[in-house]
Amino acid sequence: MRSIWAVAAAVTMLSSLPLAVASQPLAPNAPDVVVHLVLVTGMLLFARAVFDFELPPWMTVIGALSAGAFAAVFLLQAVSRFFPENAALYDVAFGLLGQWPELLIVLGIDVWFLGLLLLGTQGRTRFLGRALIPIIPAYHVISVAGVILAMSVPSLGVVTLLLPFVWLLIEGAKRGQAAGLGPRGPSTHAVAAPPA
């Protein structure tokens, strides 16, 4: 397996919506709390997973910092949904951090996924990535432009955040990487003995 951390992050992120639906009988605000707590966990796993792929250090740092920042925002949003009577906390978590900061953080995640597509994958998963990954950053850039230009852009919600993790699940579970891709293990090449 190329990255157990990537597989764990992808499975966690993709389970957020089913777990939120399953938590509906618990309390009226349970789905919101659950989805955000699962996303916190998924983003923390993703922050670790980005180091398993041999991308340029600046891309790895952007991916890790963006994932960590998203985890912090999601945690604050989960806490604010757990205490719905605290309007000030809700305003900070969703009104302040849920707007511009969240848009910029998701662009950092997009940079990492584009880097993985361009520099860190090959074979059949690369074709799937080419079909899927460029659409998401394009949508996010259009969303940012819509905010700047005061235009209405339809919201696709959490789907645009989760869709790249479908590809990451497949990419992380992939076996046998060519040289230059993924973490390198010990060399299996025979070493010639020095002349006597």
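This is a predicted model: local features need pLDDT of at least 70, side-chain atom pairs count only at pLDDT 80 or more; totals for chains, interfaces and linings use all residues.
Let me begin with Arg-48, which at 34% relative accessibility counts as partly exposed, where buried means under 20% relative accessible area, exposed over 50%, and partly exposed in between, with a 1.4 Å probe and protein chains only. Arg-48 forms a salt bridge with Asp-52, their closest N and O atoms being 2.8 Å apart, and Asp-52, at 10% relative accessibility, counts as buried. By salt bridge I mean a side-chain nitrogen of Lys or Arg within 4 Å of a carboxyl oxygen of Asp or Glu.

Residues are numbered from 1 along each chain as its sequence is written, and side-chain values use heavy atoms, with hydrogens and water left out.

As for the overall fold, the protein chain has nine helices and zero strands, with helices (H or I, at least four residues) and strands (E, at least two) taken as DSSP runs and numbered from the N terminus. Of its 196 residues, 41% count as buried.

Returning to the charged pairs, a search of the whole structure finds four salt bridges. Side chains of opposite charge can pair when their charged atoms come close. Which residue forms a salt bridge with Arg-2? The partner is Glu-171, with the closest N and O atoms 2.4 Å apart, and this pair links distant parts of the chain, since Glu-171 lies in helix H9 and Arg-2 in the segment before helix H1 (4-14), 169 residues apart. Glu-171 counts as buried at 0% relative accessibility, and Arg-2 also counts as buried, at 6%. Together with Lys-174, Arg-2 and Glu-171 are linked in a network of salt bridges.

Asp-32, for its part, forms a salt bridge with Arg-81, the closest N and O atoms being 2.6 Å apart; here too distant parts of the chain are linked, Asp-32 being in helix H3 and Arg-81 in helix H4, 49 residues apart. Asp-32 is partly exposed, with a relative accessible area of 29%.

Now to the largest pocket, which holds about 760 Å³ of space. On a 1 Å grid over the protein atoms alone, a pocket is an open set of points where a 1.4 Å probe fits, with protein on both sides within 12 Å along at least five of seven lines, and lining residues have an atom within 4 Å of a point. The pocket is lined by 30 residues, of which Gly-98, Glu-102, Ser-155, Gly-157 and Val-158 lie nearest its centre. Several helices give two or more residues to this lining, among them H3 (30-49), H4 (57-82) and H9 (159-173), while H8 gives the most, with five residues.

Finally, consider the loop between H8 and H9, where Ala-150 has its place. Most residues other than glycine have a negative phi, and most peptide bonds are trans. Phi of Ala-150, however, is near 55°, a positive value in a residue other than glycine, and Ala-150 is exposed, with a relative accessible area of 72%. Met-151 is found in that loop between H8 and H9 as well.

Notes
Grid points are joined across faces, edges and corners, and a volume is the space filled by probe spheres set on the points.
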